[in-house]
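Dear colleague,

Please find below the structure for your review. My notes on its core and its aromatic residues follow.

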Amino acid sequence: GGTGVNNFSGQSYTTDRTAPTVRWLNRSSPNPSGAESVTYTLSFIEPVTGVDVTDFTLTVSGVTGASVASVSGSGANYTVTVNTGTGVGTLRLDLADDNSIVDAFSNTLGGGGVQNFTGQIYSMTAR
């Protein structure tokens, strides 16, 4: 008030409009494998939340009964465990974007569009 110059600085805000993306989805168990389960390491370019078993699909050939068993981890790094089922062939874990994965600013994976990501293939051998 009064005479002179009154300066006022408001609050500053950080904004992030960059959508999170997958850095990699790689095998982390020995390959080829005859194990009952195998794991994949999933890494994003930034911390995210909302990663669960419903975010993944399996592509198999010659293998039956395979399923995504669990997801563990937090931030930018996760481990996905896959039950391998039975049979000799191949198994691949893919991330199927359903917009449930978000960063701290609620930006969805792939920016609201679909960003499916193909993982590496395991060669499954007989147990």
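A residue is called buried when its relative accessible area is under 20%. Phenylalanine 44 has a relative accessibility of 0% and therefore counts as buried. Please note that the model is predicted.

The largest nonpolar core comprises 21 residues, and among those with the most contacts inside it are Tyr40, Leu42, Phe44 and Leu95. Two or more residues come from each of strand 1 (22–27), strand 2 (37–44), strand 5 (77–83), strand 6 (89–95) and strand 7 (117–124). Strand 2 gives the most, with four residues. Beyond its neighbours within four places in sequence, phenylalanine 44 is in contact with residues including Val22, Val51, Tyr78, Leu95 and Ile101.

Tyrosine 40 and tyrosine 122 form an edge-to-face pair, at 5.2 Å centre to centre and with 85° between the planes. This pair links distant parts of the chain, as tyrosine 40 belongs to strand 2 and tyrosine 122 to strand 7, 82 residues apart. Tyrosine 40 is buried, with a relative accessible area of 0%, and tyrosine 122 is buried at 0% relative accessibility.

Phenylalanine 44 and tyrosine 78 have ring centres 6.0 Å apart and planes at 85°, so this pair is edge-to-face. Here too distant parts of the chain are linked: phenylalanine 44 lies in strand 2 and tyrosine 78 in strand 5, 34 residues apart. Tyrosine 78 is buried, with a relative accessible area of 6%.

Finally, arginine 27 lies over the face of tyrosine 122, at 6.0 Å from the ring centre.

Yours sincerely

Methods:
Residues numbered from 1 in each chain as written. Predicted model: local features only at pLDDT ≥ 70, side-chain atom pairs only at ≥ 80, totals over all residues. Heavy atoms only, no water. Core = buried A, V, L, I, M, F, W, Y, C linked by side-chain atoms within 4.5 Å. Buried < 20%, exposed > 50% of the residue type's maximum accessible area, 1.4 Å probe, protein only. Contact = heavy atoms within 4.5 Å. Phe/Tyr/Trp six-rings, centres within 6.5 Å; stacked < 30°, edge-to-face > 60°. Lys NZ or Arg CZ within 6 Å of the ring centre and 35° of its normal.
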